[in-house]
Amino acid sequence: MTHEHSELTPSAPLAWCMAVACGLSVANIYYAQPLLDLLTRSFDISSAGATSIITVTQLGYAAGLVFIVPVGDFFNRRRLITLVCLVTALALAAAALSPAFGYFVLASFVIGLAATSAQIMVPMAATLAAPMQRGAVVGRVMSGLLIGILLARAFAGIVADIAGWRAVFGCAALAMLAQTVVLWRVLPDNGPPANALRYGQVLRSVGALLVEEPLLRRRIVYGAFGFAGFTITWTVLPFLLADAPYHYSETTIGLFSLFGAAGALGASLAGRFHDAGYGRLATGAFLCMACASFVFMGLNPHSLGAIIAGLLLMDLGVQGVQILNQSTIYTLRPDARSRITTAYMGTFFLFGALGSLVSGIAYEAGGWPGALAVAALLEGCALAFWCTEWRARPRANAEP
């Protein structure tokens, strides 16, 4: 049994509560990024050792997408979300109190693993929403998740400058503990479907969804290529801003994420285009925005105004496509939304990791223009693939 009734549509306060919770949850995997220099000195490790923290956290997140998120399709989501949030709080506290590097790395893996509570809340919001309001609700919840990604770096940099890196994880642990209590009180206590699959069947069915759903595969291409370009840009941006002519501090560089957050807020309107029946056209428009932003920033590396405008345009484009993607794929299999999330987001973050890997090579070879050229090429591939949608529109799984 699925929950597809309009009376279950979440109220605005509940939707915003879920948006904030998604943002706080996913932010946990980004706090360490601006703190690597501090962690290097604190644990007396090499810079290569410090960057392994990011890798381990991402591996934890990938593991959570594969092994935890699908459980949302056959387990009480309220209980699952609050349990995972509690584990996140404990892992963050362990990171804050870590006496040695090995303990911190282990805590980082668990932080990444449990941060996937955000990816359980998004399909839950889609399930609670009435069909005609699903895009708007998903857009609202996704905007919180995306802003959490972008603001995490700024928060970590500011708090670390004031009170040290341990305070960052300590504050995050308290926030997640409070979130656990709030979500337990406000989330609807909807039980699992009566015909719930076994755990092994759920995991196997994720691969089956990729084979059986061409629209899911298409939307994965739109999102994954865009997120790779997004990751490339944010990865190499600190190198650009720390060098001439800017010479900005780490805190100032971290604050640039505020511009991205503004773009992400605008992208939350994308869900309304989906609800109005313009999802296909809006996807193309957002893909064009993102592609243009990469070209614009790449050609104007020494113009601060161009960089700021490009970041706004990039986040508006990339995140707009992301919201349209999720609003679309959640119409495919109402009983399998958590598994669809695993298939979609697993590929999404895999391409993000590949983008991070490519960014260093591209920046060394061609500087900022070279890295942004690769980002533009990737987004151009997604745009070219979108153009084929008008010639080959499958009857099954057609978009609204």
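**Close-up views of the predicted model**

**View 1. The sulfur of Cys381 lies 9.2 Å from the closest cysteine sulfur, that of Cys291, which is too far for a bond.** This is a predicted model, in which local features need pLDDT of at least 70 and side-chain atom pairs count only at pLDDT 80 or more, while totals for chains, interfaces and linings use all residues. Residues are numbered from 1 along each chain as its sequence is written, and side-chain values use heavy atoms, with hydrogens and water left out. A disulfide is a covalent bond between the sulfur atoms of two cysteines, and here a pair of cysteine sulfur atoms within 2.5 Å is taken as one. For Cys288, the closest cysteine sulfur is also in Cys291, at 7.3 Å, again too far for a bond. By this rule the count of disulfides is zero. Cys381 is partly exposed because its relative accessibility is 37%, where buried means under 20% relative accessible area, exposed means over 50%, and partly exposed lies in between (1.4 Å probe, protein chains only). Cys288 is likewise partly exposed, at 39%.

**View 2. Leu269, Phe273, Tyr278, Leu281 and Trp390 make a nonpolar surface patch of about 530 Å².** Patches are built from residues with over 30% relative accessible area and no salt bridge, joining like charges within 9 Å and nonpolar side chains (Val, Leu, Ile, Met, Phe, Trp, Tyr) within 5 Å. The accessible areas come from the Shrake-Rupley method with a 1.4 Å probe, and for residues only the protein chains shown count as cover. Tyr278 sits in the loop between α13 (270–275) and α14 (279–299), where helices (H or I, at least four residues) and strands (E, at least two) are DSSP runs numbered from the N terminus. With a relative accessible area of 48%, Tyr278 is partly exposed.

**View 3. Ser293 belongs to helix α14.** Is Ser293 buried or exposed? Ser293 is buried, since its relative accessible area is 0%. When residues up to four places away in sequence are not counted, Ser293 touches Gly310, Leu313 and Met314, contact meaning heavy atoms within 4.5 Å.

**View 4. Arg78 and Asp189 form a salt bridge, their closest N and O atoms being 3.4 Å apart.** This pair links distant parts of the chain, for Arg78 is in helix α4 (residues 77–96) and Asp189 is in the loop between α8 (165–186) and α9 (199–212), 111 residues apart. Side chains of opposite charge can pair when their charged atoms come close, and a salt bridge is counted when a side-chain nitrogen of Lys or Arg is within 4 Å of a carboxyl oxygen of Asp or Glu. Four salt bridges are counted by this rule. Arg78 is buried, at 12% relative accessible area, whereas Asp189 is partly exposed, at 43%.

**View 5. A salt bridge joins the side chains of Glu213 and Arg333, with 2.8 Å from N to O.** Here too distant parts of the chain are linked, with Glu213 in the loop between α9 and α10 (214–242) and Arg333 in the loop between α15 (304–329) and α16 (337–387), 120 residues apart. Glu213 counts as buried, at 4% relative accessibility, while Arg333 is partly exposed, at 26%. Together with Glu212, these two residues are linked in a network of salt bridges.

**View 6. Glu389 and Arg280 meet through their side chains in a salt bridge (3.0 Å, N to O).** The pair connects distant parts of the chain, Glu389 in the segment after α16 and Arg280 in helix α14, 109 residues apart. Both Glu389 and Arg280 are buried.
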